[in-house]
Amino acid sequence: ILVLLISFCCARVSGQFHYILNIKTSTIGKTKVYFNIKDNNNFKAIKRDSFIIVNNNAQLKGELNQPSNFANFFIWQGRKFRSIDFVIDAGETNINLEFSEDNDRKLKIKNLNTRSNDISFEMQNIRDKYSQIYQRVSNDTSKIFALPKDMSQKCNLEMIKLLQSYPDEYFSLVALNWLGHLKSGVEYAETILATLATFNPKLKNSTLGKEIYNEKTTIISNINSAKISNNVIEFSVRDNNGRVFSNNMLRGQNYIIVFSATWCIPCQHQLP
């Protein structure tokens, strides 16, 4: 039992990555700053914290469940708030956090000289480049989310190619995982896997590396299995009354499988 307890404690310690942020500012007074660590897939906050800037300084300590992660700072000013996204790494990092002079909705980070943020900024530059091209062509002020399909695809592929230049950085894995959820399809999944193959073995064999590999190989397998002339995969689900239904019950018959979503209004109209 003692050996098991020691092993469990060691696993717990090795699974946590400590960070320390030393924050300085020359433009933000005695203000409460909110801090979020984000989910790497949907960017929702998975951990929240806050601190007060006193005498132009503050320090923030905590733990990550991986070496680097997406994060952000934001400050409320009346009914408005300013924010800035960045990448937080394990270890000790010095940050200069300032108000942005040219955008009243943004904060600005200076001197955040970490490799993870260098990669993140390069990715942002690629997105900004395609956004500016689209704005010139369409006279539209929309950002990357409004890019047409072909331009969005080129943008994603250029960011994926960028990550191949940083095969030893854990953030490359984090960014590849995020990019992998921007588009579906066999070709795109194969591009993600090909890029993952260029990373060093330690990254590929990490928990996140294996997760990316398993997810993309499953997508490729499922899409190929669903092609015309292939047999339908056998499955079972519970119906509204809790009874188990299996498509084996329909063997030998013609039937249609309709996919829908509970949040989809047209789908709700069709359900009756």
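## Serine 100 and its contacts

A polar contact is a pair of N or O atoms within 3.5 Å, of which, within protein, one must be able to donate a hydrogen and the other to accept it. In this predicted model, such a contact joins the side chains of serine 100 and aspartate 102, at 2.7 Å.

Serine 100 is located in the loop that runs between β7 (91-99) and β8 (107-110). Its relative accessible area is 11%. Because buried means under 20% relative accessible area, serine 100 counts as buried. Leaving aside residues up to four places away in sequence, serine 100 touches Arg82, Lys106, Leu107 and Lys108.

## The four-stranded sheet

An open sheet is formed by four strands in the order β3-β2-β5-β6, with antiparallel pairing. Its edges are β3 (45-52) and β6 (80-89), each of which pairs on one side only. From one strand to the next, the twist averages 25°.

Within this sheet, strand β2 (residues 32-38) pairs with β3 in the antiparallel sense, over seven bridges. Valine 33 has phenylalanine 51, in β3, as its bridge partner.

## Helix α4 on the sheet

Helix α4, made up of residues 170-179, packs on the sheet. The strands touched by α4 are β5 (68-77) and β6. The direction of the helix makes about 75° with that of β5.

Definitions and conventions. Residues are numbered from 1 along each chain as its sequence is written. This is a predicted model: local features need pLDDT of at least 70, side-chain atom pairs count only at pLDDT 80 or more; totals for chains, interfaces and linings use all residues. Side-chain values use heavy atoms; hydrogens and water are left out. Helices (H or I, at least four residues) and strands (E, at least two) are DSSP runs, numbered from the N terminus. Buried means under 20% relative accessible area, exposed over 50%, partly exposed in between (1.4 Å probe, protein chains only). Contact means heavy atoms within 4.5 Å. Two strands pair if DSSP finds at least two bridges between them. Axes are lines fitted to C-alpha atoms, for helices over the stretch in contact, and angles run from 0 to 180 degrees between N-to-C directions.
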